[in-house]
Amino acid sequence: MTYKETIDYLFNVTPVFEHMGASAYKEGLENTLILDEHYGHPHKQYKTIHIAGTNGKGSCSHTIASVLQEAGYKVGLYTSPHLIDFRERIRINGQCISEQYVIDFVKDFRKWNKDNISSDTTLPPKKEQVLYPSFFELTTAMAFKYFADEKIDIAVIEVGLGGRLDCTNIITPILSVITNISFDHTGFLGNTLAQIAKEKAGIIKQGIPVVIGEYNEETRPVFENVAKDKHAKIVFAQDQEILGKDIPFELNGSYQILNKQTILTSISSLPLEIGDSAIRKGLAHVCENTSLMGRWQVIQKEPKVICDTGHNVGGWRHLSRQIAMQPCKTLRIVFGMVNDKDINTVMSLLPKHAIYYWTQANNHRAVPAEVVARIAAGHKLKGNTYTSVADAFDAALSDSDNEDFIFVGGSSYIVADFLSHEL
């Protein structure tokens, strides 16, 4: 198999949530536990930090990994989704997993799985052994094994969706982190903040400390009750004295102020030796150390072009304010969303005075640009439609002069298509 054939297999044979949505979601850990046993429980060979939350878990995961790298640890980082290349999901000290490892892992999995099918066609398949894992189940097994094979010291593991039933939840970390709770994936996690918090609190383990970034009156009791039941020490970052006021943070989005407090509280809660210099360098060089993209990322300065992967109501409460504050002659926004988000509420948060370039990502879950434009009209937002992100951005850039500001976002997949076009 070539690398392209391997990636085609992962995306076209295994169910992929990013492409298919709800039909690709597999509730439960049965497949994950079988894979984990087959590969020798690799996650037990190194320390782990587990990070969940509605928003900010990617920024927190990358930044904590950056700090640990600066402290001299060999650090695995497992995040999702990727923006340009599948291999972005699995990194060690900022370097992507090799193409050859991905090829070999998938080839070996397919051989093992095929060998489990009975050769006697008169007998039914051995269903307890033959696996039909989802994309994320197989990718998680790959990441955990790769980290073990490369003998890392510690891995920062980002939850894929929710927490309690997420396939990353087989690990026993040295610290659990839950960044915040807002409405997202309500079809899977619940229709109230308390229900969503309960699902995410599922990563809290017996006797393992947990840091909660942000809370409200609905979610705090949920976290406190689960932590009490698990005899887990709980720290609420937003209750702590503001940390690191003088420490520069490379990630510039306004929402990163809250993430920074969660990150520094988490680092101070780790049973590891991490000096002040490592913290300062780690926060100052997140993108260089981990290759993070898409968080208030500046693409060019004249006209100023920024993209951000914020994609739900919680994220847009911050993004809309920051976008509106940008000094510019004309504000231009390239925008699209996917179909499992609360598009109407997000639309209500968008700046009314901007010129919009409605578009759609190259993704099966993308809301068609015409539908986005029709919904936007109900919110008195004006713009034209484009069938690709590249066309939408090129039009925005062509319309701009050097004093304008162009924002690209609405979905991780919009940003992915944009970066693939620009980088």
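The predicted model has an average pLDDT of 91 over the chain, and 92% of the residues score at least 70.

The packing of two helices was examined next. Helix H4, spanning residues 57-70, and helix H10, spanning residues 256-269, have axes that come within 10 Å and cross at roughly 45°. The two helices are therefore oblique to each other, and the crossing in which H4 passes H10 is right-handed. On the H4 side, the contact is formed by Ser59, Cys60, Thr63, Ile64 and Val67; these meet Gln256, Asn259, Thr262, Ile263, Ser266 and Ile267 of H10. Classified by residue type, the contact of H4 with H10 comprises 5 nonpolar and 6 polar residues, with no charged residues.

Aromatic rings were also considered. A pair of such rings is described by the distance of the centres and the angle of the planes. The structure holds 18 aromatic pairs, among them that of tyrosine 78 and phenylalanine 136. The ring centres of these two residues lie 5.7 Å apart and the ring planes meet at 20°, so the pair is stacked, planes under 30 degrees apart being counted as such. Tyrosine 78 belongs to strand S2 (residues 75-78), whereas phenylalanine 136 belongs to helix H6 (residues 135-149).

Notes: Residues numbered from 1 in each chain as written. Predicted model: local features only at pLDDT ≥ 70, side-chain atom pairs only at ≥ 80, totals over all residues. Heavy atoms only, no water. Axes fitted to C-alpha atoms, helices over the stretch in contact; angles between N-to-C directions. Helix = DSSP H or I, 4+ residues; strand = E, 2+ residues; numbered from the N terminus. Parallel < 35°, antiparallel > 145°, perpendicular 65-115°, else oblique. Left-handed = near helix turned anticlockwise from the far one by under 90°. Contact = heavy atoms within 4.5 Å. Nonpolar A, V, L, I, M, F, W, Y, C, P; charged D, E, K, R; others polar. pLDDT = per-residue confidence, 0-100. Phe/Tyr/Trp six-rings, centres within 6.5 Å; stacked < 30°, edge-to-face > 60°.
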